[in-house]
Amino acid sequence: MSAATPGTAPTPTPPTPTPVTPTTPATPTPAAQTTPATPATGAAGPASVVRDPYAEQAPVSGIRFLHHLNPLAKFAAPLPVMLALIFTRGVAIPLAFIVLALGLLVIGARLSGRALAALLLGVPAAILVLGFSFGIWVDPARIEGASAAASVVIFAIGDWQFTLAAYLVGLATALRITALLMLSLLAGLTTSGPELVRALVQNLRVPYRIGYTALAALRFVPRFGHELEVIRAAHRVRGTDAGRGPVAAVRRTIATAIPLLASAIRHAERVALAMDARAFGAHATRTERTISRWRVRDTAFVVAFWVVSAAIYWWALQAGLGGVTPDRTEVGL
Amino acid sequence: MNAQPLITLDGVSIRHDEATRATPADVSFEVRPGEVVLLLGPSGCGKSTLALALDGLIPHAVPATLEGTVRVAGLETSAHTVAELSEHVAMVFQDPDAQVVTGTLLDEVCFGPENQLVAASEVLERAERALKLVGLWDRRTDNPDVLSGGGRQRLAVACALALAAPVLVLDEPTANLDPAGIDEVYAVLRELASERDHAIVLVEHNLDAAVDIVDRVVVLDASGRLVIDGPAREVLQQRADELLELGVWLPVSTLAAMRLRAAGVTLSPLPLNPAELAAALDAVDVLPSPLLAPPGTDAARSRMVASSAEARPDASELAGATDVTAPAPAIRVRDCSVRRGGRRGPVVVDGVDLDVASGDFLAIVGTNGAGKTTLLQAIAGVIPAPRGSIDVLGMDPSRADARARARQIGFVFQNPEHQFVAHTVAEELELGLRLQGVDEATRHAEVERMLARFDLVEHRDRHPFLLSGGQKRRLSVGTALVAGAPVLALDEPTFGQDRARASELLDILGGLNAEGTTVLVVTHDLQLVADHASHVAVMRDGRLLGAGPTAEVLAGPLVEEAGLRHPPLARATRGLAGHPEWHAVTRMSQLPVGDRAIA
């Protein structure tokens with residue numbers, strides 16, 4: 001994460017870094033995310049309802065600061081915390097980071113009503129359910145018998161007892177997983193595919209051939225999904241979907257994989273020819289119309305995030321609300 | 001026209017690594033600025049291969065050996081990269097889906113110039129110019145996925161234009177499009193051709209669309225050798241017989257005139273498009289009467305009920321013509337509505353009523369998104385339809401199991417490969433019989449019979465995926481029929497194929513139909529419909545506008561109401577001023593015959 005180092009100057013590779021709008025005379029773009037195309041947003045065409053991983057983001061108000069950050073900042077800031085969380089025990093620390101991430105998303109991200117509801121209601125519900133299911137799998141022998149929670153039996157089936165201690169262990173695990181997910185959503189919900197590729201190529205110096213090929217490959221996914229549906233229907237018509245059980249299932253999968261692979265390879269070859277014919281890979285760099293910058297605010301965001309994170313850890317460990325251990329099999333609160 | 005040639009081919013032979021002989025073989029010609037060159041030849045003569053050689057994809061990106069030299073703007077292609085050559089030659093390929101790389105139209109058009117390291121301001125200027133030319137500038141922020149096929153192919157043209165190359169090579173740009181898309185693309189190409197800023201090299205089998213814009217044709221024979229190179233009109237008019245013998249498909253109007261010539265009506269010069277054919281026919285004082293079926297026959301054959309929710313007057317007339325003695329229909333569809341993608345999905349087939357008599361050859365036509373394929377799939381039980389809305393020979397296809405369904409109706413998907421599940425051709429055919437529980441001796445005899453019927457005997461032990469396109473198609477029809485189904489349903493069987501192969505398939509279907517198989521096809525090729533189908537059902541926006549005998553439907557207003565264009569022959573005959581009895585002529589077989597039939 002070299003680009004995450006504070007102070008990395010924006011060094012655009014290709015010439016002429018000023019994006020120029022074709023219709024309107026060169027507008028001094030207020031934010032980097034405002035692409036030259038945005039003036040015509042909604043001029044024609046149905047806005048797709050489904051989230052389009054390619055769609056450039058429409059201009060967002062200043063308060064939605066996550067959209068104005070470099071994608072790399074949004075990955076770099078939570079990354080050390082995510083690593084630390086894997087080795088963290090207890091309920092308090094993951095919970096604190098879930099709240100932090102939720103707060104950042106609610107303030108800093110432009111979310112639809114549905115996404116907001118899913119975050120605020122779905123996340124707690126998921127934590128409770130996950131906590132219960134993980135709790136069931138906790139080996140009772142590994143829970144300290146002395147603790148008070150171990151003697152609180154929530155319910156029992158025959159000899160087997162589901163204790164509060166087991167539930168708390170399960171809950172801690174569920175919280176850790178949720179915290180990891182929420183932290184990755186900081187970037188995930190506020191970054192488009194092209195933005196990420198631009199940042200990787202321009203700021204992190206990933207070869208553009210890899211970045212843009214990956215972007216092109218993203219287009220294959222829905223296509224192959226549709227094609228698989230057609231192949232399954234075709235095989236149903238042939239009557240080869242008969243038979244139950246795992247053997248028949250494996251046979252069916254192989255039978256559908258062959259036509260899918262054949263058509264996937266053919267499609268990929270055609271796309272490759274089309275890209276070649278349009279000079280892809282001709283030069284060591286390519287023109288970037290939109291410059292991905294690393295700004296002071298990106299550094300500020302990363303540093304601030306790290307400081308807050310360190311503070312949370314320091315406070316929780318001081319108060320004895322959790323622990324950090326390299327032993328990932330250790331059960332603990 | 002005497003400027004320096006942009007492309008020079010000298011003794012070019014290309015052999016694909018897996019092929020035994022070179023096609024094209026020893027081809028030499030030049031392309032000059034502003035010219036529109038059409039590359040013609042029978043299937044397999046190497047037209048598309050030659051197109052790939054014009055910008056260096058052969059030999060650089062495709063495993064093939066190139067002999068001779070191709071020079072682009074003086075640069076020898078074998079010594080320069082595709083990227084360098086892309087500044088001189090831009091390509092548009094056949095498959096509009098396989099040319100999209102980025103997420104918005106604007107990014108897509110900018111992709112090429114960006115790769116060429118053109119300055120950002122100029123990239124945008126070029127993109128704006130190209131998108132405006134193809135009429136997509138207002139949609140520049142859209143995802144290419146939301147464009148129609150024709151729109152995506154126009155986008156591909158814009159992407160090629162943005163490379164600012166003086167030569168544009170288009171390899172069958174409309175083979176995967178419906179008629180509306182073909183018109184869109186040719187409107188753009190016509191404008192480009194008239195501007196004379198670009199030389200255009202076009203590989204195209206749809207001559208009806210292309211003939212108006214080309215200056216010059218270059219013709220290869222089946223072995224890939226150059227046989228004709230000359231001005232388009234002159235070659236097509238004066239050497240039409242020679243072209244036909246080579247296996248080149250001519251414009252429908254030209255074919256019609258040649259057939260008339262055999263019948264003693266000489267139209268000179270040969271017409272190349274419907275307007276010219278109409279003018280030429282009107283210039284003849286006396287025409288022999290066309291071979292229209294006697295009036296009674298068609299009425300007696302119209303056993304199809306056609307009524308959509310809003311009962312149309314002419315449709316009810318058709319229904320009235322349904323005579324009492326007609327046999328029970330093979331397929332009966334009543335108030336059938338189908339949603340795509342589950343309960344909350346959009347209604348794509350809406351209240352369709354349709355009867356198909358046993359032995360009919362029914363074509364379901366309509367624009368993209370009219371619900372044709374969905375209706376056909378519902379009839380064949382590929383997707384579920386409401387209980388009781390469809391009856392195929394006494395079976396409800398949505399409720400029957402695969403085995404019972406296979407005995408009544410066979411379904412052929414657009415891409416035959418999707419349906420192949422076995423490792424050899426013979427096993428592929430045997431599978432359907434095994435499912436029916438047929439004993440081994442009968443199975444063996446039946447497989448042999450099908451192999452012979454579909455001309456696949458020598459390929460019996462090959463893997464289905466290794467067959468040629470035409471063979472795959474025949475095998476897929478064979479597998480659909482092997483269980484003895486008296487009804488065959490095909491989804492866009494001619495999609496992406498050239499005329500010769502499409503016609504071969506339609507001949508097989510015609511043969512099966514003559515043997516008693518009821519055939520249902522979904523297609524947007526109305527000339528094929530006119531030439532082969534006995535009945536036509538016209539759909540629009542999920543509703544059935546009407547159905548009836550082909551001649552009646554094509555003579556009526558339904559085709560235009562559905563947003564389709566009449567097939568070329570019908571377009572020529574409909575407007576004839578001097579020969580009203582010719583207005584109903586829509587198919588080749590209705591033209592008067594001489595000693596020597598051509599079509």
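How many residue pairs are in polar contact across the interface of chain A and chain B? The rule finds 20, both residues at pLDDT 80 or more. A polar contact is a pair of N or O atoms within 3.5 Å; within protein, one must be able to donate a hydrogen and the other to accept it, and residues adjacent in sequence count only if both atoms are side-chain atoms.

The model is predicted: local features need pLDDT of at least 70, side-chain atom pairs count only at pLDDT 80 or more, and totals for chains, interfaces and linings use all residues. Residues are numbered from 1 along each chain as its sequence is written, chains are lettered from A in the order in which they are written, and side-chain values use heavy atoms, without hydrogens or water.

**View 1. The interface of chain A and chain B.** Contact (heavy atoms within 4.5 Å) involves 53 residues of chain A and 63 residues of chain B. The two chains bury about 5,300 Å². Buried area is the accessible area (1.4 Å probe) that two parts lose on being put together, summed over both. Carbon and sulfur atoms give 60% of it. Arg238(A), Arg278(A) and Arg289(A) supply 18% of the area on the chain A side, more than any other three residues.

View 2. Nine salt bridges link chain A and chain B. Each is a side-chain nitrogen of Lys or Arg within 4 Å of a carboxyl oxygen of Asp or Glu. Arg223(A) pairs with Asp97(B), with the closest N and O atoms 3.5 Å apart. Helices α7 (208-218), α8 (220-238) and α9 (245-277) of chain A each supply at least two residues to the side that touches chain B. Helices here are DSSP runs (H or I, at least four residues), numbered from the N terminus. α9(A) gives the most, twelve residues.

**View 3. Domain 2 against domain 3 in chain B.** Domain 2 covers 251-288 + 567-599, and domain 3 covers 299-566. These bounds come from an automatic or database domain assignment. Ten residues of domain 2 of chain B and 13 of domain 3 of chain B make the contact. The two domains bury about 1,100 Å², 46% of it on carbon and sulfur atoms. Pro567(B), Arg574(B) and Arg587(B) lose the most area on the domain 2 side, together 54% of what that side buries. The count of salt bridges between these domains is zero. Eight residue pairs are in polar contact. Helix α24 (residues 568-574) of chain B brings five residues, the largest share of the domain 2 side.
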